[in-house]
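The structure is shown first, and the notes follow.

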Amino acid sequence: MSTESSNVAGVTIPRQSRRLPDFLQSVNLKYVKLGYHYLITHLLTLCLVPLTAVIIAEASQMNPDDLHQLWLHLQYNLVSVIVCAVFLVFGSTVYIMTRPRSVYLVDYSCYRPPSHLQVKFHQFMEHSTLTGDFDESSLEFQRKILERSGLGEETYVPEAMHYIPPRPSMAAAREEAEQVMFGALDNLFANTNVKPKDIGILVVNCSLFNPTPSLSAMIVNKYKLRGNIRSFNLGGMGCSAGVIAIDLAKDMLQVHRNTYAVVVSTENITQNWYFGNKKSMLIPNCLFRVGGAAALLSNKSGDRWRAKYKLVHVVRTHRGADDKAFRCVHQEQDDNGKTGVSLSKDLMAIAGGALKTNITTLGPLVLPISEQLLFFLTLVAKKFFSANIKPYIPDFKLAFNHFCIHAGGRAVIDELEKNLQLLPIHVEASRMTLHRFGNTSSSSIWYELAYTEAKGRMRKGNRVWQIAFGSGFKCNSAVWEALRNVKPSSNSPWEDCIHRYPVQIAV
């Protein structure tokens, strides 16, 4: 295996560590078993559906004489009637009680910051120089990261970072959080005509800013939500927390009938800018930008007609038991006491391992039978006959029409495109979101979905795969199915610029 290295501002990073591992060499059978375990948990539904279809098919072939003879037979077989009735009632009751309730995505809204918060590359570098906190090596490192990042000249940083010197404070961080969350929620409520009092469940995720009262409490106070609302505030869970929040809301909607759930995903930059010179802690400064999204979920059957999507699957993978994975994205202080988030050189390899586990588990849930058979047979042959046999990597393009890959950075998108054998159009939404808005953390997958809608590509029955990575280390997937030809909602984040995209990104 190649050990070629690259040098960025004096820091040598092995090329090998910057790539995802080769999935062909490292697929684990136990994760395939886990995927099939998910299928077995829904075995009753899988058995009842074909049985019902057979019964209906047989009944459709019966003529009036057959029905009359059946009636006469049942009249003199009371025991048979009772047994059939008991089985029918019991089976129907078990099915109704155990089947999961459908969860619908009524709509969602992504926050678009005001234009005066945009930062161009030369402004970023000028401000970084004038703060006086960075030495020449660190400034050059940031310049090279920006040039290779895939970000454009219209991303946003918070108000406090536009001052010289910057003015990070608790008040400024609260102001950033309020602008993002309330901006997204105001638009969401306006587009859906749902009253805040009708919300029964609230889930907010923000990794690095967790004040008291909480962000969820700020929303309850702002919109005067009802007193018995089930509210949750998820912190420290990284860029994949948006999918975790969706999963939590889904579970709550299985318990609480006939209600709405709101999920708010954001990150806060104001108090988390790094003002030191440790290279591994400078990268977030160059990539993370202001953004946030709010989604309205419903378990009301009446909302199906107006909802955009139906939630099909959520698969979560946590590698926190491994020490390297646990520490690969780590908030800490440098030798001078400056706080920031450090990114390990092993990040890409660890992300690849988490991705491998996640997609191997997801595969049996979404792939066509033909792909599953090829994958499973080659995997068994490799395990029991010859280790030289390469496992068959399923074609996920047969399972999904659209891909929303977390816009964590250009290298992440490049490697997923390569390893999953995707086409440029499949990663276009991720690349353009990174270019236009930067890494907005857990909300980036919603900007990507909005891009696909703005391009007019979402058709009824299309399946969307949202996949995100986060500290811990986690890889989480959500699968949605479009319930109609989806058009962008009012005040879409791409409303004023979609005609300019896609753009050519310099290599």
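## Aromatic pairs

Tyr223 is buried, with a relative accessibility of 12%. The model is a predicted one, and a search of the whole of it finds 16 aromatic pairs. In one of them, the rings of Phe189 and Tyr223 have their centres 5.3 Å apart and their planes at 70°, so the pair is edge-to-face. This pair links distant parts of the chain, with Phe189 in helix H7 and Tyr223 in helix H8 (residues 215-223), 34 residues apart. Phe189 is also buried, at 12% relative accessibility.

Phe437 and Trp494 form an aromatic pair, again edge-to-face, at 5.3 Å centre to centre and with 90° between the planes. Here too distant parts of the chain are linked: Phe437 belongs to helix H15 (residues 428-437) and Trp494 to the segment after E13, 57 residues apart. Both Phe437 and Trp494 are buried. These two residues belong to a cluster, linked by ring pairs, that consists of Tyr156, Phe437, Tyr447, Tyr451, Trp494 and Tyr501.

## Charges over rings

Which ring has Arg436 over its face? It is the ring of Phe437, and Arg436 lies 4.7 Å from the ring centre. Arg167 lies over the face of Tyr163, at 3.8 Å from the ring centre.

## Salt bridges

The count of salt bridges comes to 16. One of them joins the side chains of Glu154 and Arg500, at 3.3 Å from N to O. Glu154 lies in the loop between helix H6 (136-148) and helix H7 (170-192), and Arg500 in the segment after strand E13 (474-482), so the pair ties together parts that are 346 residues apart in sequence. Glu154 is partly exposed at 22% relative accessibility, and Arg500 is partly exposed with a relative accessible area of 36%.

Arg316 and Asp247 meet in a salt bridge at 2.9 Å, N to O. Because Arg316 lies in strand E8 (residues 309-318) and Asp247 in helix H9 (residues 241-255), this pair ties together parts that are 69 residues apart in sequence. Arg316 is partly exposed, at 42% relative accessible area, whereas Asp247 is buried, at 9%. Both residues belong to a network of salt bridges that links Asp247, Lys250, Asp251 and Arg316.

Lys308 lies in the loop between strand E7 (292-298) and E8, and Glu453 in helix H16 (residues 444-454), so the pair ties together parts that are 145 residues apart in sequence.

Lys308 is also in contact with Ser489. Ser489 lies in the segment after E13 and is buried, with a relative accessible area of 17%. Leaving aside neighbours within four places in sequence, the contacts of Ser489 are Asp107, Asn191 and Lys308.

How many of the residues of strand E3 (residues 104-110) are buried? Seven of the seven are buried, so the strand is largely enclosed by the rest of the structure.

E3 pairs with E7 in the antiparallel sense over six bridges, and Tyr108 stands opposite Ala295 in E7. With E8, the pairing of E3 is likewise antiparallel, over two bridges. In that pairing, Leu105 stands opposite Tyr309 in E8.

## Cysteines

A disulfide is a covalent bond between the sulfur atoms of two cysteines. The count of disulfides in this model comes to zero. Cys328 is buried, with a relative accessible area of 0%, and Cys404 is buried at 0% relative accessibility.

Terms used
Residues are numbered from 1 along each chain as its sequence is written. This is a predicted model: local features need pLDDT of at least 70, side-chain atom pairs count only at pLDDT 80 or more; totals for chains, interfaces and linings use all residues. Side-chain values use heavy atoms; hydrogens and water are left out. A salt bridge is a side-chain nitrogen of Lys or Arg within 4 Å of a carboxyl oxygen of Asp or Glu. Helices (H or I, at least four residues) and strands (E, at least two) are DSSP runs, numbered from the N terminus. Buried means under 20% relative accessible area, exposed over 50%, partly exposed in between (1.4 Å probe, protein chains only). Contact means heavy atoms within 4.5 Å. A disulfide is a pair of cysteine sulfur atoms within 2.5 Å. Two strands pair if DSSP finds at least two bridges between them. Rings of Phe, Tyr and Trp (its six-membered ring) pair if their centres lie within 6.5 Å; planes under 30 degrees apart count as stacked, over 60 as edge-to-face and the rest as tilted. A charge sits over a ring if NZ of Lys or CZ of Arg is within 6 Å of the ring centre and within 35 degrees of the ring normal.
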